[in-house]
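Colleague: I'd like to understand the words you use for a model like this. Could you take me through them, one at a time?

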Amino acid sequence: MKATRLQCLAIASAIAMAVAGAAPVRAEQVRICDRRVEFPGAVRHFKLDEPDPFGASAVLTGALQQEGERFLLRFNCWRLATPRDGFPEERPTLERLFRYTRALGIFNQTYVYLPAQDRLFVRVSGERSTNGVVYDIRFEFHMLRDRTLGAVTSYRRDSRAAREQADSFVDGLRSLR
């Protein structure tokens with residue numbers, strides 16, 4: 001299977017996270033897709049022509065932060081080329097995300113699928129091992145009519161502080177309605 005640029009970015013981020021050293025940094029706020037996102041440290045920005053994880057043609061913009069081997073935080077916004085007519089059904093959505101996350105080397109996935117009138121919320125949680133270290137990984141998506149918002153967190157399972165940092169980041173994003 002040919003990897004997409006987003007999959008390559010995710011794999012490269014995981015590898016960089018496994019080999020990078022930790023350094024203290026200051027919090028940084030960024031504005032992406034009309035949303036203000038606060039990262040606990042310095043970020044790297046990216047922009048790609050890349051379909052969203054559900055196959056819609058889009059432009060992906062985002063930012064990510066890594067702190068050595070401890071954690072990775074990423075916010076994605078796919079602005080769709082054309083608005084959605086509706087949201088995909090549960091089974092095909094979860095099957096697609098299973099294939100996507102498995103291709104990234106993520107196992108023991110669990111899923112949440114919550115439709116609402118104006119959005120669809122989907123979360124995939126799982127784990128990945130790199131160099132003998134187990135990372136808990138979570139993908140969250142808010143599928144809206146004209147865009148898909150996504151967050152990715154990855155942190156060492158044995159680091160309570162990294163888990164708290166990831167949870168705080170996601171809680172902050174969830175409050176952005």
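**Contacts, burial, rings and a pocket**

Modeller: Let's start with contacts, meaning heavy atoms within 4.5 Å. Of the contacts in the chain with a separation of 6 or more, 51% are between residues 24 or more positions apart. This is a predicted model, where local features need pLDDT of at least 70 and side-chain atom pairs count only at pLDDT 80 or more, while totals for chains, interfaces and linings use all residues. Residues are numbered from 1 along each chain as its sequence is written, and side-chain values use heavy atoms, with hydrogens and water left out.

Colleague: What pattern does the chain follow along the sequence?

Modeller: The pattern reads α-β-β-β-β-β-α-β-β-β-β-α, with three helices and nine strands. Helices (H or I, at least four residues) and strands (E, at least two) are DSSP runs, numbered from the N terminus.

Colleague: Why is Glu50 called buried?

Modeller: Buried means under 20% relative accessible area, exposed means over 50%, and partly exposed is in between (1.4 Å probe, protein chains only). Glu50 has a relative accessible area of 5%, so Glu50 is buried. You'll find Glu50 in the loop between strand 3 (44-49) and strand 4 (58-67). Across the 177 residues of the chain, 47% count as buried.

Colleague: What makes two rings an aromatic pair?

Modeller: Rings of Phe, Tyr and Trp (its six-membered ring) pair if their centres lie within 6.5 Å; planes under 30 degrees apart count as stacked, over 60 as edge-to-face and the rest as tilted. The structure holds five aromatic pairs. Take Phe39 and Phe169, at 4.9 Å centre to centre with 40° between the planes: this pair is tilted. Phe39 is in strand 2 and Phe169 in helix 3, 130 residues apart, so the pair links distant parts of the chain. Phe39 counts as buried at 0% relative accessibility, and Phe169 does at 4%.

Colleague: Why is the pair of Tyr100 and Phe139 called edge-to-face?

Modeller: Their planes are 80° apart, and the centres are 6.0 Å apart, which makes the pair edge-to-face. Tyr100 lies in helix 2 (residues 90-103) and Phe139 in strand 8 (residues 133-143), so parts 39 residues apart in sequence are tied together. Ring pairs also link Phe54, Trp78, Tyr100, Phe139 and Phe141 into a cluster.

Colleague: How do you know where empty space is left?

Modeller: Rolling a probe the size of a water molecule over the atoms shows this. Helix 3 gives the most to the lining of the second largest pocket, with five residues.
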